[in-house]
Amino acid sequence: MSRTEPEIDPKESEIFRLGDFVFYKNINQLRGADGARVPLRSQSTQVLALLLQHRGEVVSKDALAEAVWQDTFVTDDSLVQCIADIRRALGDAGHEIVQTVPKQGYLVVTTIAGDAARNGGAARRGGPIRLVALALLLALIALGIGYLTIGPTGAPMVAGPAVPLPDGPRIVLIPFRNLGEDPDDAFFTEGLTRDINAQLARFSNLFVIAPEAGAAFRDDPDCGAIRQQLKADYILTGTAQRYNERIRITTAFLDAKTCRQLTPPGPFDRDLSVGDVLDIQLEIASKVASEVGSSDAPLFNVAVQRDIRDKAPETLSAYECVLLGYWFYQTFAPAEHRRARACLERAVIVEPGYSLAWSRLAFIYMEAKKFVIDPPPDWAERAGEAAKNALAQDRDNPDGYYAQAALSRMKGEDIAVFLDFANRAIAINPNDSWILADLGTWLAYSGRLEEGEVWITRARALNPNLHSGFNNVWHLHAFMRGDYPAAINTMLTMGTLVHMNMASLAASYALNGEQAKAEEWVGRLRAKYPDFVKDPRAPFRARGMPDELIEKLMEGLALAGYDVPAE
(Lines give C-alpha, C1' and ligand atoms only; values in the text may rest on other atoms or scores of the structure.)
Protein backbone atom coordinates (compact mmCIF):
# COMPACT_ATOMS: atom_id res chain seq x y z
CA MET A 1 0.00 0.00 0.00
CA SER A 2 1.21 3.51 -0.69
CA ARG A 3 1.66 6.01 2.11
CA THR A 4 0.45 9.06 0.20
CA GLU A 5 -2.88 9.53 2.01
CA PRO A 6 -2.95 12.21 4.72
CA GLU A 7 -3.23 11.18 8.36
CA ILE A 8 -6.70 10.92 9.84
CA ASP A 9 -7.07 13.64 12.45
CA PRO A 10 -8.70 12.64 15.71
CA LYS A 11 -12.02 14.26 16.65
CA GLU A 12 -13.62 14.79 19.99
CA SER A 13 -14.72 11.81 22.08
CA GLU A 14 -18.19 10.57 21.27
CA ILE A 15 -20.67 7.74 21.83
CA PHE A 16 -21.72 5.82 18.71
CA ARG A 17 -24.63 3.43 18.17
CA LEU A 18 -23.92 0.48 15.89
CA GLY A 19 -27.10 -1.57 15.62
CA ASP A 20 -27.52 -3.13 19.06
CA PHE A 21 -23.99 -2.13 20.11
CA VAL A 22 -22.41 1.03 21.49
CA PHE A 23 -18.84 2.22 20.93
CA TYR A 24 -17.35 4.59 23.52
CA LYS A 25 -14.63 6.41 21.65
CA ASN A 26 -13.07 8.12 24.66
CA ILE A 27 -12.27 4.73 26.21
CA ASN A 28 -12.08 2.77 22.91
CA GLN A 29 -14.56 0.10 24.00
CA LEU A 30 -17.35 -1.71 22.19
CA ARG A 31 -20.22 -2.85 24.42
CA GLY A 32 -23.33 -4.90 23.79
CA ALA A 33 -26.89 -3.95 24.64
CA ASP A 34 -26.43 -5.63 28.04
CA GLY A 35 -23.42 -3.43 28.79
CA ALA A 36 -20.88 -6.25 28.50
CA ARG A 37 -17.59 -5.40 26.82
CA VAL A 38 -17.20 -7.00 23.38
CA PRO A 39 -13.59 -8.12 22.85
CA LEU A 40 -11.77 -6.76 19.81
CA ARG A 41 -8.11 -6.93 18.89
CA SER A 42 -6.20 -3.67 19.32
CA GLN A 43 -5.83 -3.03 15.58
CA SER A 44 -9.49 -3.84 14.94
CA THR A 45 -10.52 -1.40 17.66
CA GLN A 46 -8.35 1.32 16.09
CA VAL A 47 -9.83 0.68 12.64
CA LEU A 48 -13.36 0.93 14.03
CA ALA A 49 -12.53 4.12 15.91
CA LEU A 50 -11.10 5.72 12.76
CA LEU A 51 -14.10 4.73 10.65
CA LEU A 52 -16.37 6.25 13.28
CA GLN A 53 -14.40 9.49 13.26
CA HIS A 54 -15.33 9.73 9.60
CA ARG A 55 -18.83 8.29 9.94
CA GLY A 56 -20.87 8.55 6.76
CA GLU A 57 -17.69 9.06 4.69
CA VAL A 58 -15.69 6.58 2.67
CA VAL A 59 -12.26 6.05 4.25
CA SER A 60 -9.64 4.62 1.93
CA LYS A 61 -7.64 1.52 2.78
CA ASP A 62 -4.41 3.51 2.53
CA ALA A 63 -5.63 6.08 5.06
CA LEU A 64 -6.61 3.36 7.52
CA ALA A 65 -3.30 1.55 7.14
CA GLU A 66 -1.35 4.81 7.57
CA ALA A 67 -3.18 5.63 10.80
CA VAL A 68 -3.20 2.18 12.40
CA TRP A 69 0.10 0.61 11.31
CA GLN A 70 2.05 3.82 10.61
CA ASP A 71 5.59 2.91 9.46
CA THR A 72 5.04 -0.85 9.59
CA PHE A 73 4.49 -2.43 6.19
CA VAL A 74 1.33 -4.53 6.02
CA THR A 75 -0.64 -6.15 3.21
CA ASP A 76 -4.31 -5.70 2.44
CA ASP A 77 -4.97 -8.94 4.32
CA SER A 78 -4.27 -7.28 7.69
CA LEU A 79 -6.92 -4.63 7.14
CA VAL A 80 -9.38 -7.13 5.66
CA GLN A 81 -8.95 -9.28 8.79
CA CYS A 82 -9.70 -6.27 11.03
CA ILE A 83 -12.86 -5.48 9.05
CA ALA A 84 -13.92 -9.12 9.37
CA ASP A 85 -13.30 -8.97 13.15
CA ILE A 86 -15.47 -5.86 13.46
CA ARG A 87 -18.31 -7.31 11.41
CA ARG A 88 -18.20 -10.56 13.39
CA ALA A 89 -18.36 -8.66 16.69
CA LEU A 90 -21.33 -6.58 15.47
CA GLY A 91 -23.17 -9.53 13.93
CA ASP A 92 -22.97 -7.61 10.66
CA ALA A 93 -23.13 -10.59 8.30
CA GLY A 94 -24.96 -8.51 5.70
CA HIS A 95 -22.33 -5.73 5.75
CA GLU A 96 -25.06 -3.21 6.58
CA ILE A 97 -23.06 -1.39 9.28
CA VAL A 98 -19.53 -1.66 7.90
CA GLN A 99 -19.93 -1.31 4.16
CA THR A 100 -17.33 -1.98 1.46
CA VAL A 101 -17.20 0.63 -1.30
CA PRO A 102 -15.49 -1.11 -4.27
CA LYS A 103 -12.13 0.40 -5.25
CA GLN A 104 -12.52 3.17 -2.65
CA GLY A 105 -12.52 1.83 0.92
CA TYR A 106 -14.94 1.36 3.78
CA LEU A 107 -17.94 3.25 5.11
CA VAL A 108 -19.50 2.84 8.55
CA VAL A 109 -23.20 3.59 9.09
CA THR A 110 -23.84 4.80 12.61
CA THR A 111 -25.48 7.44 14.74
CA ILE A 112 -23.93 9.50 17.48
CA ALA A 113 -25.22 11.22 20.58
CA GLY A 114 -23.11 14.30 19.93
CA ASP A 115 -24.57 14.97 16.48
CA ALA A 116 -27.75 16.41 17.96
CA ALA A 117 -25.87 19.32 19.44
CA ARG A 118 -23.60 19.95 16.48
CA ASN A 119 -26.39 19.66 13.91
CA GLY A 120 -29.02 21.61 15.77
CA GLY A 121 -30.73 18.42 16.95
CA ALA A 122 -31.78 17.36 13.44
CA ALA A 123 -32.69 13.69 13.21
CA ARG A 124 -31.09 12.53 9.98
CA ARG A 125 -30.50 9.30 8.11
CA GLY A 126 -31.44 6.04 9.87
CA GLY A 127 -30.81 7.27 13.41
CA PRO A 128 -31.91 4.94 16.25
CA ILE A 129 -29.83 6.84 18.79
CA ARG A 130 -31.23 10.15 17.56
CA LEU A 131 -34.72 8.75 18.06
CA VAL A 132 -33.78 7.68 21.59
CA ALA A 133 -32.26 11.08 22.26
CA LEU A 134 -35.32 12.80 20.83
CA ALA A 135 -37.63 10.64 22.95
CA LEU A 136 -35.58 11.49 26.02
CA LEU A 137 -35.60 15.16 25.16
CA LEU A 138 -39.37 15.22 24.72
CA ALA A 139 -39.87 13.20 27.89
CA LEU A 140 -37.76 15.55 29.96
CA ILE A 141 -39.46 18.60 28.48
CA ALA A 142 -42.76 17.04 29.49
CA LEU A 143 -41.46 16.71 33.03
CA GLY A 144 -41.13 20.44 33.12
CA ILE A 145 -37.64 21.45 34.12
CA GLY A 146 -35.56 22.18 31.06
CA TYR A 147 -34.17 20.64 27.93
CA LEU A 148 -31.07 18.64 27.12
CA THR A 149 -28.16 19.61 24.98
CA ILE A 150 -25.37 17.17 24.27
CA GLY A 151 -21.84 18.02 25.34
CA PRO A 152 -18.68 17.21 23.41
CA THR A 153 -18.37 13.77 24.99
CA GLY A 154 -21.95 12.84 24.24
CA ALA A 155 -22.90 13.46 27.89
CA PRO A 156 -26.22 15.19 28.54
CA MET A 157 -25.90 18.72 29.86
CA VAL A 158 -29.12 20.10 31.32
CA ALA A 159 -29.69 23.63 30.12
CA GLY A 160 -32.28 25.98 28.77
CA PRO A 161 -35.28 27.75 30.28
CA ALA A 162 -37.86 26.04 32.43
CA VAL A 163 -40.88 24.82 30.49
CA PRO A 164 -44.40 24.11 31.79
CA LEU A 165 -45.32 20.76 33.26
CA PRO A 166 -47.99 18.79 31.37
CA ASP A 167 -51.34 20.56 31.65
CA GLY A 168 -53.43 17.41 31.39
CA PRO A 169 -55.41 15.90 34.29
CA ARG A 170 -53.33 15.28 37.40
CA ILE A 171 -54.16 12.11 39.27
CA VAL A 172 -52.76 10.83 42.55
CA LEU A 173 -53.03 7.22 43.61
CA ILE A 174 -53.07 7.13 47.40
CA PRO A 175 -51.31 3.93 48.58
CA PHE A 176 -53.94 1.27 49.21
CA ARG A 177 -54.64 0.25 52.79
CA ASN A 178 -53.86 -3.33 53.77
CA LEU A 179 -56.88 -5.03 55.33
CA GLY A 180 -55.29 -8.47 55.55
CA GLU A 181 -55.02 -10.19 58.90
CA ASP A 182 -51.29 -10.66 58.43
CA PRO A 183 -49.39 -7.36 58.80
CA ASP A 184 -46.72 -8.91 56.60
CA ASP A 185 -49.11 -8.51 53.67
CA ALA A 186 -48.25 -4.79 53.69
CA PHE A 187 -45.43 -5.35 51.21
CA PHE A 188 -47.90 -6.92 48.77
CA THR A 189 -50.39 -4.07 49.05
CA GLU A 190 -47.61 -1.52 48.62
CA GLY A 191 -46.36 -3.30 45.53
CA LEU A 192 -49.84 -3.55 44.08
CA THR A 193 -50.25 0.22 44.40
CA ARG A 194 -46.87 0.82 42.80
CA ASP A 195 -47.70 -1.41 39.83
CA ILE A 196 -51.11 0.19 39.17
CA ASN A 197 -49.37 3.56 39.25
CA ALA A 198 -46.72 2.28 36.84
CA GLN A 199 -49.36 1.15 34.34
CA LEU A 200 -50.93 4.61 34.40
CA ALA A 201 -47.62 6.47 34.26
CA ARG A 202 -46.16 4.51 31.34
CA PHE A 203 -49.27 3.81 29.29
CA SER A 204 -51.64 6.75 29.64
CA ASN A 205 -51.58 10.44 28.89
CA LEU A 206 -52.23 11.52 32.46
CA PHE A 207 -49.96 13.49 34.76
CA VAL A 208 -49.51 10.75 37.35
CA ILE A 209 -48.26 11.86 40.76
CA ALA A 210 -46.15 9.19 42.47
CA PRO A 211 -48.05 7.28 45.19
CA GLU A 212 -45.34 8.08 47.75
CA ALA A 213 -46.52 11.68 47.55
CA GLY A 214 -49.89 10.64 48.94
CA ALA A 215 -48.65 8.19 51.56
CA ALA A 216 -49.48 10.57 54.40
CA PHE A 217 -53.14 10.40 53.35
CA ARG A 218 -53.40 6.60 53.37
CA ASP A 219 -55.46 6.42 56.57
CA ASP A 220 -57.24 9.74 56.12
CA PRO A 221 -57.68 10.58 52.40
CA ASP A 222 -59.02 14.09 52.97
CA CYS A 223 -60.06 15.33 49.54
CA GLY A 224 -59.55 19.02 50.23
CA ALA A 225 -56.14 18.53 51.81
CA ILE A 226 -54.97 16.31 48.95
CA ARG A 227 -56.19 18.82 46.38
CA GLN A 228 -54.41 21.67 48.16
CA GLN A 229 -51.13 19.90 48.88
CA LEU A 230 -50.69 17.84 45.70
CA LYS A 231 -52.70 19.99 43.26
CA ALA A 232 -54.52 16.84 42.17
CA ASP A 233 -57.50 16.86 39.82
CA TYR A 234 -58.48 13.28 40.60
CA ILE A 235 -57.88 10.98 43.57
CA LEU A 236 -57.86 7.18 43.57
CA THR A 237 -57.87 5.35 46.90
CA GLY A 238 -58.39 1.72 47.76
CA THR A 239 -58.03 -1.26 50.07
CA ALA A 240 -56.56 -4.70 49.51
CA GLN A 241 -57.12 -7.91 51.43
CA ARG A 242 -55.60 -11.32 50.92
CA TYR A 243 -57.63 -14.23 52.30
CA ASN A 244 -57.97 -17.95 51.57
CA GLU A 245 -55.85 -17.76 48.41
CA ARG A 246 -58.00 -14.93 47.09
CA ILE A 247 -57.64 -11.17 46.87
CA ARG A 248 -60.33 -8.57 47.40
CA ILE A 249 -59.81 -4.97 46.24
CA THR A 250 -62.14 -2.01 46.56
CA THR A 251 -61.50 1.49 45.26
CA ALA A 252 -62.89 5.00 45.54
CA PHE A 253 -62.48 7.55 42.75
CA LEU A 254 -63.01 11.26 43.37
CA ASP A 255 -63.07 14.47 41.39
CA ALA A 256 -60.72 16.47 43.62
CA LYS A 257 -62.13 19.83 42.56
CA THR A 258 -65.62 19.05 43.87
CA CYS A 259 -64.85 15.98 46.05
CA ARG A 260 -67.65 14.26 44.13
CA GLN A 261 -67.56 10.46 43.96
CA LEU A 262 -67.04 9.12 40.44
CA THR A 263 -67.73 5.57 39.31
CA PRO A 264 -64.81 3.61 40.76
CA PRO A 265 -63.06 0.60 39.24
CA GLY A 266 -64.19 -2.68 40.80
CA PRO A 267 -64.80 -4.03 43.34
CA PHE A 268 -62.71 -7.09 42.64
CA ASP A 269 -62.73 -10.51 44.30
CA ARG A 270 -60.42 -12.84 42.41
CA ASP A 271 -58.11 -15.80 42.80
CA LEU A 272 -54.73 -14.91 44.22
CA SER A 273 -52.76 -15.62 41.04
CA VAL A 274 -50.40 -13.58 38.90
CA GLY A 275 -52.89 -13.49 36.04
CA ASP A 276 -55.74 -12.22 38.19
CA VAL A 277 -53.59 -9.67 40.00
CA LEU A 278 -52.33 -8.32 36.66
CA ASP A 279 -55.88 -8.23 35.25
CA ILE A 280 -56.98 -6.17 38.26
CA GLN A 281 -54.13 -3.72 37.75
CA LEU A 282 -54.95 -3.26 34.06
CA GLU A 283 -58.68 -2.95 34.68
CA ILE A 284 -58.17 -0.26 37.34
CA ALA A 285 -55.70 1.67 35.18
CA SER A 286 -57.90 1.39 32.09
CA LYS A 287 -61.00 2.53 33.96
CA VAL A 288 -59.19 5.60 35.32
CA ALA A 289 -57.66 6.46 31.94
CA SER A 290 -61.01 6.15 30.18
CA GLU A 291 -62.68 8.36 32.78
CA VAL A 292 -60.24 11.26 32.73
CA GLY A 293 -57.58 10.56 30.10
CA SER A 294 -57.36 10.34 26.37
CA SER A 295 -59.29 7.68 24.50
CA ASP A 296 -56.18 6.87 22.48
CA ALA A 297 -53.92 6.26 25.48
CA PRO A 298 -51.44 3.42 24.78
CA LEU A 299 -52.94 1.43 27.68
CA PHE A 300 -55.99 0.67 25.49
CA ASN A 301 -53.82 -0.90 22.79
CA VAL A 302 -54.38 -4.65 22.75
CA ALA A 303 -50.77 -5.28 21.76
CA VAL A 304 -49.53 -3.22 24.72
CA GLN A 305 -51.71 -5.15 27.15
CA ARG A 306 -50.61 -8.45 25.63
CA ASP A 307 -46.96 -7.41 25.98
CA ILE A 308 -47.50 -6.53 29.64
CA ARG A 309 -49.06 -9.94 30.30
CA ASP A 310 -46.34 -11.78 28.36
CA LYS A 311 -43.65 -10.24 30.58
CA ALA A 312 -45.38 -11.23 33.81
CA PRO A 313 -44.09 -14.25 35.78
CA GLU A 314 -45.99 -17.51 35.90
CA THR A 315 -45.96 -17.85 39.68
CA LEU A 316 -47.19 -15.50 42.37
CA SER A 317 -44.16 -16.28 44.52
CA ALA A 318 -41.76 -14.82 41.92
CA TYR A 319 -43.87 -11.67 41.73
CA GLU A 320 -43.83 -11.40 45.53
CA CYS A 321 -40.03 -11.64 45.51
CA VAL A 322 -39.86 -8.55 43.29
CA LEU A 323 -42.21 -6.73 45.66
CA LEU A 324 -39.94 -7.68 48.57
CA GLY A 325 -37.01 -6.22 46.63
CA TYR A 326 -38.81 -2.88 46.50
CA TRP A 327 -40.03 -3.21 50.09
CA PHE A 328 -36.45 -3.06 51.38
CA TYR A 329 -36.37 0.66 50.56
CA GLN A 330 -39.19 1.32 53.02
CA THR A 331 -36.93 0.62 56.00
CA PHE A 332 -33.42 -0.22 54.69
CA ALA A 333 -33.48 -2.90 57.38
CA PRO A 334 -30.83 -5.64 56.97
CA ALA A 335 -33.43 -8.31 57.77
CA GLU A 336 -35.64 -7.15 54.89
CA HIS A 337 -32.64 -7.10 52.57
CA ARG A 338 -31.68 -10.67 53.46
CA ARG A 339 -35.28 -11.78 53.00
CA ALA A 340 -35.52 -10.16 49.55
CA ARG A 341 -32.13 -11.52 48.46
CA ALA A 342 -32.96 -15.12 49.38
CA CYS A 343 -36.35 -14.82 47.68
CA LEU A 344 -35.00 -13.28 44.46
CA GLU A 345 -32.16 -15.79 44.20
CA ARG A 346 -34.80 -18.55 44.30
CA ALA A 347 -37.09 -16.69 41.89
CA VAL A 348 -34.56 -16.43 39.05
CA ILE A 349 -33.90 -20.17 39.31
CA VAL A 350 -37.59 -21.04 39.17
CA GLU A 351 -38.43 -18.39 36.55
CA PRO A 352 -35.25 -17.48 34.65
CA GLY A 353 -37.29 -15.58 32.05
CA TYR A 354 -38.65 -13.04 34.56
CA SER A 355 -36.69 -9.89 33.67
CA LEU A 356 -37.75 -7.77 36.62
CA ALA A 357 -36.62 -10.42 39.11
CA TRP A 358 -33.14 -10.31 37.55
CA SER A 359 -32.90 -6.51 37.63
CA ARG A 360 -34.13 -6.35 41.24
CA LEU A 361 -31.57 -9.01 42.18
CA ALA A 362 -28.87 -6.84 40.60
CA PHE A 363 -29.89 -4.01 42.90
CA ILE A 364 -29.98 -6.30 45.93
CA TYR A 365 -26.32 -7.19 45.33
CA MET A 366 -25.42 -3.52 44.91
CA GLU A 367 -27.29 -2.55 48.08
CA ALA A 368 -25.45 -5.31 49.94
CA LYS A 369 -22.21 -3.54 49.07
CA LYS A 370 -23.52 -0.01 49.70
CA PHE A 371 -25.10 -0.78 53.08
CA VAL A 372 -22.61 -3.47 54.16
CA ILE A 373 -25.27 -6.20 54.44
CA ASP A 374 -23.36 -9.48 53.94
CA PRO A 375 -21.87 -8.38 50.60
CA PRO A 376 -20.45 -11.32 48.65
CA PRO A 377 -16.84 -10.82 47.50
CA ASP A 378 -18.00 -10.98 43.89
CA TRP A 379 -20.95 -8.63 44.38
CA ALA A 380 -20.10 -6.61 41.25
CA GLU A 381 -19.88 -9.68 39.04
CA ARG A 382 -23.18 -11.00 40.42
CA ALA A 383 -24.90 -7.65 39.94
CA GLY A 384 -23.55 -7.32 36.41
CA GLU A 385 -24.63 -10.82 35.45
CA ALA A 386 -28.12 -10.25 36.89
CA ALA A 387 -28.51 -6.95 35.02
CA LYS A 388 -27.35 -8.57 31.77
CA ASN A 389 -29.85 -11.40 32.24
CA ALA A 390 -32.61 -8.86 32.87
CA LEU A 391 -31.97 -7.18 29.53
CA ALA A 392 -31.50 -10.48 27.75
CA GLN A 393 -35.06 -11.37 28.77
CA ASP A 394 -36.57 -7.94 28.09
CA ARG A 395 -34.74 -5.26 26.15
CA ASP A 396 -37.44 -2.73 27.15
CA ASN A 397 -37.03 -3.20 30.90
CA PRO A 398 -36.01 0.27 32.19
CA ASP A 399 -35.03 -1.28 35.51
CA GLY A 400 -32.32 -3.28 33.72
CA TYR A 401 -30.73 -0.17 32.22
CA TYR A 402 -31.14 1.60 35.57
CA ALA A 403 -29.23 -1.25 37.24
CA GLN A 404 -26.47 -1.06 34.61
CA ALA A 405 -26.16 2.69 35.11
CA ALA A 406 -25.85 2.43 38.90
CA LEU A 407 -23.38 -0.46 38.65
CA SER A 408 -21.19 1.46 36.22
CA ARG A 409 -20.72 4.19 38.81
CA MET A 410 -20.06 1.73 41.63
CA LYS A 411 -17.36 0.11 39.48
CA GLY A 412 -15.81 3.48 38.68
CA GLU A 413 -16.41 3.24 34.95
CA ASP A 414 -16.35 6.25 32.66
CA ILE A 415 -19.27 8.64 33.16
CA ALA A 416 -20.19 8.16 29.49
CA VAL A 417 -21.11 4.53 30.22
CA PHE A 418 -23.39 5.63 33.06
CA LEU A 419 -25.07 8.30 30.95
CA ASP A 420 -25.79 5.94 28.09
CA PHE A 421 -27.58 3.46 30.36
CA ALA A 422 -29.29 6.21 32.35
CA ASN A 423 -30.63 7.85 29.20
CA ARG A 424 -32.01 4.53 27.98
CA ALA A 425 -33.82 3.93 31.28
CA ILE A 426 -35.35 7.41 31.25
CA ALA A 427 -36.30 7.24 27.57
CA ILE A 428 -38.30 4.05 28.19
CA ASN A 429 -40.01 5.36 31.32
CA PRO A 430 -39.61 9.12 31.84
CA ASN A 431 -42.27 9.22 34.56
CA ASP A 432 -40.68 7.10 37.27
CA SER A 433 -39.74 9.61 39.97
CA TRP A 434 -37.54 7.16 41.88
CA ILE A 435 -35.43 6.25 38.85
CA LEU A 436 -35.06 9.92 37.91
CA ALA A 437 -34.07 10.91 41.44
CA ASP A 438 -31.66 8.04 41.98
CA LEU A 439 -29.95 8.50 38.62
CA GLY A 440 -29.72 12.21 39.39
CA THR A 441 -28.04 11.31 42.66
CA TRP A 442 -25.50 9.10 40.91
CA LEU A 443 -24.83 11.89 38.43
CA ALA A 444 -24.30 14.34 41.29
CA TYR A 445 -22.01 11.90 43.11
CA SER A 446 -19.82 11.78 40.02
CA GLY A 447 -19.05 15.46 40.65
CA ARG A 448 -21.74 16.92 38.37
CA LEU A 449 -23.73 18.24 41.31
CA GLU A 450 -25.78 20.91 39.59
CA GLU A 451 -26.91 18.58 36.81
CA GLY A 452 -27.85 15.94 39.34
CA GLU A 453 -29.93 18.48 41.23
CA VAL A 454 -31.88 19.24 38.04
CA TRP A 455 -32.72 15.56 37.53
CA ILE A 456 -33.88 15.24 41.15
CA THR A 457 -35.91 18.44 40.89
CA ARG A 458 -37.60 16.94 37.84
CA ALA A 459 -38.44 13.88 39.95
CA ARG A 460 -39.96 16.14 42.62
CA ALA A 461 -42.34 17.51 40.01
CA LEU A 462 -43.76 13.97 39.80
CA ASN A 463 -43.51 13.31 43.52
CA PRO A 464 -43.81 16.42 45.70
CA ASN A 465 -43.03 14.25 48.75
CA LEU A 466 -39.94 12.65 47.27
CA HIS A 467 -37.87 10.75 49.83
CA SER A 468 -35.90 13.23 51.92
CA GLY A 469 -32.75 11.15 51.47
CA PHE A 470 -32.29 12.71 48.03
CA ASN A 471 -31.56 16.00 49.82
CA ASN A 472 -28.09 14.56 50.39
CA VAL A 473 -27.08 15.94 46.99
CA TRP A 474 -27.82 19.50 48.13
CA HIS A 475 -26.01 18.77 51.39
CA LEU A 476 -22.87 17.66 49.52
CA HIS A 477 -23.09 20.59 47.14
CA ALA A 478 -23.16 23.03 50.05
CA PHE A 479 -20.32 21.10 51.71
CA MET A 480 -18.15 21.36 48.61
CA ARG A 481 -18.81 25.12 48.42
CA GLY A 482 -17.70 25.46 52.03
CA ASP A 483 -21.19 26.56 53.09
CA TYR A 484 -21.22 24.35 56.16
CA PRO A 485 -24.29 25.91 57.86
CA ALA A 486 -26.34 25.14 54.72
CA ALA A 487 -24.86 21.64 54.58
CA ILE A 488 -25.85 21.03 58.20
CA ASN A 489 -29.37 22.43 57.81
CA THR A 490 -29.99 20.35 54.71
CA MET A 491 -28.81 17.15 56.36
CA LEU A 492 -31.10 17.74 59.33
CA THR A 493 -34.13 17.66 56.98
CA MET A 494 -33.38 14.09 55.96
CA GLY A 495 -34.94 12.12 58.81
CA THR A 496 -33.26 8.76 59.41
CA LEU A 497 -29.54 8.98 58.68
CA VAL A 498 -27.28 6.14 57.55
CA HIS A 499 -23.53 5.86 58.11
CA MET A 500 -22.51 8.17 55.25
CA ASN A 501 -24.95 10.85 56.38
CA MET A 502 -23.73 10.72 59.97
CA ALA A 503 -20.12 10.94 58.83
CA SER A 504 -20.68 13.91 56.52
CA LEU A 505 -22.80 15.69 59.15
CA ALA A 506 -20.03 15.24 61.74
CA ALA A 507 -17.51 16.56 59.18
CA SER A 508 -19.73 19.58 58.47
CA TYR A 509 -20.06 20.43 62.14
CA ALA A 510 -16.29 20.10 62.67
CA LEU A 511 -15.38 22.29 59.69
CA ASN A 512 -17.97 24.82 60.88
CA GLY A 513 -16.20 25.04 64.26
CA GLU A 514 -18.99 23.26 66.22
CA GLN A 515 -16.77 20.67 67.87
CA ALA A 516 -19.21 19.45 70.53
CA LYS A 517 -21.88 18.59 67.95
CA ALA A 518 -19.26 17.05 65.67
CA GLU A 519 -18.13 14.73 68.46
CA GLU A 520 -21.74 13.92 69.35
CA TRP A 521 -22.39 12.66 65.81
CA VAL A 522 -19.12 10.74 65.77
CA GLY A 523 -20.33 8.99 68.91
CA ARG A 524 -23.61 8.10 67.24
CA LEU A 525 -21.75 6.85 64.18
CA ARG A 526 -19.48 4.59 66.25
CA ALA A 527 -22.41 3.22 68.23
CA LYS A 528 -24.64 2.40 65.25
CA TYR A 529 -21.98 1.45 62.68
CA PRO A 530 -18.95 0.03 64.52
CA ASP A 531 -17.52 -1.45 61.30
CA PHE A 532 -17.47 1.94 59.55
CA VAL A 533 -14.08 2.70 61.10
CA LYS A 534 -12.40 -0.07 59.10
CA ASP A 535 -12.53 2.00 55.92
CA PRO A 536 -14.60 5.20 56.18
CA ARG A 537 -13.77 6.08 52.57
CA ALA A 538 -15.30 2.87 51.19
CA PRO A 539 -19.03 3.81 51.24
CA PHE A 540 -18.30 7.10 49.46
CA ARG A 541 -16.14 5.37 46.86
CA ALA A 542 -18.84 2.75 46.33
CA ARG A 543 -21.05 5.61 45.16
CA GLY A 544 -18.47 6.88 42.68
CA MET A 545 -17.73 10.15 44.48
CA PRO A 546 -14.66 12.11 43.37
CA ASP A 547 -11.51 11.91 45.51
CA GLU A 548 -11.57 15.65 46.18
CA LEU A 549 -14.95 15.38 47.91
CA ILE A 550 -14.03 12.22 49.80
CA GLU A 551 -10.80 13.66 51.17
CA LYS A 552 -12.54 16.84 52.28
CA LEU A 553 -15.08 14.69 54.12
CA MET A 554 -12.25 12.71 55.73
CA GLU A 555 -10.56 15.95 56.78
CA GLY A 556 -13.71 17.08 58.58
CA LEU A 557 -14.31 13.64 60.06
CA ALA A 558 -10.78 13.57 61.48
CA LEU A 559 -11.32 17.01 63.00
CA ALA A 560 -14.48 15.62 64.60
CA GLY A 561 -12.35 13.04 66.42
CA TYR A 562 -12.89 10.04 64.19
CA ASP A 563 -9.99 7.72 63.43
CA VAL A 564 -9.47 8.11 59.70
CA PRO A 565 -6.79 5.70 58.39
CA ALA A 566 -4.05 7.35 56.36
CA GLU A 567 -3.59 6.37 52.73
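Buried means under 20% relative accessible area, exposed means over 50%, and partly exposed lies in between, with a 1.4 Å probe and protein chains only. By this scale Cys259 is partly exposed, because its relative accessible area is 33%.

The structure is a predicted model, in which local features need pLDDT of at least 70, side-chain atom pairs count only at pLDDT 80 or more, and totals for chains, interfaces and linings use all residues. Residues are numbered from 1 along each chain as its sequence is written, and side-chain values use heavy atoms, with hydrogens and water left out.

## The chain as a whole

The protein chain has 23 helices and 15 strands. Helices (H or I, at least four residues) and strands (E, at least two) are DSSP runs, numbered from the N terminus. Of the 567 residues in the protein chain, 54% are buried. A contact means heavy atoms within 4.5 Å. Among the contacts in the protein chain with a separation of 6 or more, 62% are between residues 24 or more positions apart.

## Disulfides

A disulfide is a pair of cysteine sulfur atoms within 2.5 Å. Two disulfides are found in a search of the whole structure. With bonded cysteines counted along the chain, their pattern is 1-2, 3-4.

| Disulfide | Sulfur to sulfur distance |
|---|---|
| Cys223 and Cys259 | 2.2 Å |
| Cys321 and Cys343 | 1.9 Å |

The S-S torsion of Cys223 and Cys259 is about -95°, so this disulfide is left-handed. The pair links distant parts of the chain, 36 residues apart: Cys223 is in helix 7 (residues 223-230), and Cys259 is in the loop between strand 13 (246-255) and strand 14 (260-262). Cys223 counts as buried because its relative accessibility is 8%.

For Cys321 and Cys343 the torsion about the S-S bond is about -70°, so this disulfide is left-handed. Here too the pair links distant parts of the chain, with Cys321 in helix 10 (residues 316-331) and Cys343 in helix 11 (residues 334-350), 22 residues apart. Both Cys321 and Cys343 are buried.

Another cysteine, Cys82, is buried, with a relative accessible area of 1%.

## Tyr326 in helix 10

Helix 10 also holds Tyr326. This tyrosine is partly exposed, at 22% relative accessible area. Leaving out residues up to four places away in sequence, Tyr326 touches Arg194, Leu356, Arg360 and Asp399. From C-alpha to C-alpha, Tyr326 and Phe187 are 8.5 Å apart in space, while they are 139 residues apart in sequence.

## Helix 15 against helix 16

Two packed helices are described by the angle between their axes and the distance between the axes. Axes are lines fitted to C-alpha atoms, for helices over the stretch in contact, and angles run from 0 to 180 degrees between N-to-C directions. The axes of helix 15 (residues 415-428) and helix 16 (residues 433-445) cross at roughly 170° and come within 11 Å. Angles under 35 degrees count as roughly parallel, over 145 as roughly antiparallel, 65 to 115 as roughly perpendicular and the rest as oblique. Helix 15 and helix 16 are therefore roughly antiparallel to each other. On the side of helix 15, the contact is made by Ile415, Phe418, Leu419, Ala422, Ala425 and Ile426, and on that of helix 16 by Leu436, Leu439, Trp442 and Leu443. These contact residues divide into ten nonpolar, no polar and no charged. In this count Ala, Val, Leu, Ile, Met, Phe, Trp, Tyr, Cys and Pro are nonpolar, Asp, Glu, Lys and Arg are charged, and the others, Gly among them, are polar.

## Helix 23

Helix 23 (residues 547-559) has 13 residues, which should span 18 Å at 1.5 Å a residue, and its end C-alpha atoms are 18 Å apart, in agreement. The expected span is 1.5 Å times one less than the number of residues in the helix. Its buried residues are Leu549, Ile550, Lys552, Leu553, Met554, Gly556 and Leu557. They pack against several helices, including helix 18 (472-481) and helix 20 (499-511). Just after helix 23, Gly561 has a positive phi of about 100°.

## Backbone features in loops

Most residues other than glycine have a negative phi, and most peptide bonds are trans. Asn244, not a glycine, has a positive phi of about 45°. Asn244 sits in the loop between strand 12 (234-243) and strand 13, and counts as exposed at 70% relative accessibility. Val372, also not a glycine, has a positive phi of about 50°. The loop between helix 12 (355-370) and helix 13 (379-393) holds Val372, which is exposed at 52% relative accessibility. The peptide bond from Gly266 to Pro267 is cis, with omega near 5°.
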